[in-house]
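Please open the structure in your viewer and keep the selection tool at hand. The stops below can be followed in order.

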Amino acid sequence: MVKENAKIMVHVENLKKDFDKLEVLKDISIDIKEGEVVVLLGPSGSGKSTFLRCINRLEEATSGKIIVDGMDITDKHTDINKAREDIGMVFQHFNLFNNKNVIDNIMLAPVELKKMTKEEAHDKAVKLLERVGLADKAEAYPSQLSGGQKQRVAIARALAMNPGLILFDEPTSALDPEMVGEVLDVMKELAGAGMTMIVVTHEIGFAREVADRIVFVDGGYIVEQGTPDEVINHPKEKRTIDFLNKVL
Amino acid sequence: MIQIIQSYGTMILAALGQTLILCLLSLLVAMVIGLIFALLNVSHNRGCNFIGTVYVDAVRGVPLIVLAYFIYFGLPAGMKMLGAVDFRLTALQAGTAALSMNCGAYMAEIIRAGIQSVDRGQMEAARSLGLTYGQSMRKVVLPQAIKTMIPSIINQFIITLKDTSILSVIGFPELTNMGKTISGNTFKSLETWAIIGIVYMVVIVSLSKAAKRVERKLNVGRL
Ligand SMILES: Nc1ncnc2c1ncn2[C@@H]1O[C@H](COP(=O)(O)OP(=O)(O)OP(=O)(O)O)[C@@H](O)[C@H]1O
Ligand SMILES: [Mg+2]
């Protein structure tokens, strides 16, 4: 849901990322507006995860520029921890803190980073659990949850910091098929509420329904991008067509 | 046998006390040393890794007895050359230093392995929320690492307890040293060393039994 004169939330300019000799991202430039939902498609190994991880500097860009909400992520002088408070991330394998129960998973960062008092963080966590439909699981430990429940807690944990942007790296790939829907529903609700989201997923149905824009990456470049209708129904590039033939 | 226990029993217990003090002090210091060098070893800074590896390799490469001699005799001699004539170490100080350095090196490896056994995603999730490396270690990684480390730490505890006997060579009045004194006085080597051996065994076996129980409790709490 992009507003008329929305500001640029993510600005990526000539991003290049190598792992030693392997050139994963060769030259990526993209602007993402506040409230926009961008779905990233691409074959395995095309660097989708790497792209997301460069945005919150879990990986350091080899060259190029990344600006998120006015903060220069690629500048060494930027306080990356401060910047990350504004960039949520949801992982394929959930990565809930195994030593903490659900409510403490959600409260840890806001309290530890002094964003909120314990009471405020607790209230917020309770509200977020209601929002993702897990109000009754506050005291459960991650090992007691199903995959779908874990991922919904992980989303709540990311939301607790009030981020301006959330990165999703294949949030439903590790789930049993019957649990995919419950996670996608939470993400749809988030998109509807105006959250800026970059989503790597193979769920074409979700992309078609929720994405404002679909970006297809391959070989280290953005091959094609546009509305879901343009990219999924009327792809122009051969590589996009081949890819869609495989996943559809 | 009875005679020895009658005349030397309290002294043997006192020596056991010294052994335990030496062992506990060393373990405490070793935990700190181990944590520091483990953190150096898992850090992403090459310089830190280098320092960590050098320490662990160096200390593990020197027999404890040589390390003890070096600290107890060598260090004061060295200080004298530097002009500090009054520098002296008590046997307890030197013994604790030698044992902590030695045990600390092994502890560093145990803690390193524990940290590395925690899934990388835990650290990444913590960092992605804006927590610093230190906060992520303290709140997320180390608490999980400790659970996997406990059996090895207990094992190391027992090894260190046995290693205290090596420090009889610098005259520290611990259990083995007491054995030497008694057998020297009474000429009853067989009985003396049997008693000393049994005392060690009783302490170590009960410690490891207690440890097993703790370990089992932790594993239950884990689910
Ligand atoms: N830390 C790393 N060190 C070395 N190579 C890496 C590293 N991370 C990723 N790569 C390599 O970079 C390439 C892109 O990986 P990436 O995980 O970004 O792909 P992806 O598009 O997310 O793939 P998938 O759909 O399988 O998740 C792969 O060839 C991968 O092996
Ligand atoms: Mg990936």
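Predicted model: local features only at pLDDT ≥ 70, side-chain atom pairs only at ≥ 80, totals over all residues.

**Stop 1: the interface.** Select chain A and chain B together. On the chain B side 20 residues are in contact with 24 residues of chain A. About 1,800 Å² is buried between the two chains, and carbon and sulfur atoms account for 54% of that. Within chain B, the residues that lose the most area to chain A are B:Ser128, B:Leu129 and B:Lys139, which together make up 33% of what that side buries.

Stop 2: Three salt bridges are counted between chain B and chain A. To see one of them, select B:Lys139 and A:Glu112, whose side chains meet at 3.8 Å, N to O.

**Stop 3: the helices of chain B.** Now select 120-128 and 133-163 in chain B, helices H5 and H6; each supplies at least two residues of the side that touches chain A. The largest share, eight residues, comes from H5(B). By type, the residues of this side of chain B are seven nonpolar, seven polar and six charged.

**Stop 4: two loop residues of chain A.** Select A:Asp20, in the loop between strand E1 (8-19) and strand E2 (22-33). Its phi is positive, near 50°, and the residue is not a glycine. Is A:Asp20 buried or exposed? A:Asp20 counts as exposed because its relative accessibility is 79%, and the cut-off is over 50%.

Move on to A:Asn162, between helix H5 (147-159) and strand E7 (165-169) of chain A. A:Asn162, also not a glycine, has a positive phi of about 50°. With a relative accessible area of 47%, A:Asn162 is partly exposed.

Technical notes
Residues numbered from 1 in each chain as written. Chains lettered and ligands numbered in written order. Heavy atoms only, no water. Contact = heavy atoms within 4.5 Å. Buried area = accessible area lost by both parts, 1.4 Å probe. Salt bridge = Lys/Arg side-chain N within 4 Å of Asp/Glu carboxyl O. Helix = DSSP H or I, 4+ residues; strand = E, 2+ residues; numbered from the N terminus. Nonpolar A, V, L, I, M, F, W, Y, C, P; charged D, E, K, R; others polar. Buried < 20%, exposed > 50% of the residue type's maximum accessible area, 1.4 Å probe, protein only.
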